[in-house]
Amino acid sequence: MAAALAVGLLTALVVAAVTGAGAPPRHRIALQDRIGDQVHLPDDGSVQTARAGHQQRIRALSPYRELAVGGYGTTGSSKTTLLVGLTGAFAEPQRELDKYFGRLAASDVFNDTVTERQDYPTGPLGGAFECAVLTYPSTSETTCVWADGSTVGIVVDSTGESSPPELAERARDIRAAVEVRAED
């Protein structure tokens, strides 16, 4: 009886491992035409620069498989919220946030300072979620980053007008709109 139970349990584990049964759902980032009162704006210089920089890094960083970059704002406005979304496989979501903010904090290239880094509630999609203020020599911007098992999202307030708690709320709304279930 015990042998049959062990064989049955082993079979169930193998089936789950092969089929992915019991694994959390995989997601991806899909830019939307509209998120609340914000519309997906035509690419400007900051979107093109962000896309080019991340495309260059994505080739070297194997956990990243897909990239989505877009700017959102009100129609006719040049003040935007920048979204960078990465899809891949991330075993330790908190590590992705530490890499992002740590790279910026230790970087001579970016020459910035990271302050007000704080955890925020992730909402129903789970994972890890933090925001901080990044101060460069000529400007500062609030940035929020989330990560879960299959996505990393970076939301940047390029207006410089949002506090971390304000951007955290907006970033959760953005995440809820753009993080969609991946088709298997």
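Mentor: Let's start with a definition: a disulfide is a pair of cysteine sulfur atoms within 2.5 Å. Before we apply that, note that this is a predicted model, where local features need pLDDT of at least 70, side-chain atom pairs count only at pLDDT 80 or more, and totals for chains, interfaces and linings use all residues. Residues are numbered from 1 along each chain as its sequence is written, and side-chain values use heavy atoms, with hydrogens and water left out.

Trainee: How many disulfides does a search of the whole structure find?

Mentor: In general, a disulfide is a covalent bond between the sulfur atoms of two cysteines. Here the search finds one, joining Cys131 to Cys144 with an S to S distance of 1.9 Å. Cys131 sits in strand β7 (residues 128-135) and Cys144 in strand β8 (residues 140-147), so the bond ties together parts that are 13 residues apart in sequence. The torsion about the S-S bond is about 105 degrees, so this disulfide is right-handed.

Trainee: Are Cys131 and Cys144 buried or exposed?

Mentor: Buried means under 20% relative accessible area, exposed over 50%, and partly exposed in between (1.4 Å probe, protein chains only). Cys131 is buried at 0%, and Cys144 is buried at 0% as well. Across the protein chain, buried residues make up 39% of the 184 residues.

Trainee: How many aromatic pairs does the structure hold?

Mentor: Rings of Phe, Tyr and Trp (its six-membered ring) pair if their centres lie within 6.5 Å; planes under 30 degrees apart count as stacked, over 60 as edge-to-face and the rest as tilted. The structure holds two such pairs. The ring centres of Tyr100 and Phe101 are 5.3 Å apart with planes at 80 degrees, so that pair is edge-to-face. Tyr120 and Phe129 are also edge-to-face, at 6.4 Å centre to centre and 65 degrees between the planes. Tyr120 is buried at 13% relative accessible area, and Phe129 is buried at 4%.

Trainee: Where is Ser162 found, and which residues is Ser162 in contact with?

Mentor: Contact means heavy atoms within 4.5 Å. Ser162 is in the loop between β9 (151-157) and α4 (164-178), and is buried, with a relative accessible area of 11%. Leaving aside neighbours within four places in sequence, Ser162 contacts Thr142, Asp157, Leu167 and Arg170.

Methods:
Helix = DSSP H or I, 4+ residues; strand = E, 2+ residues; numbered from the N terminus.
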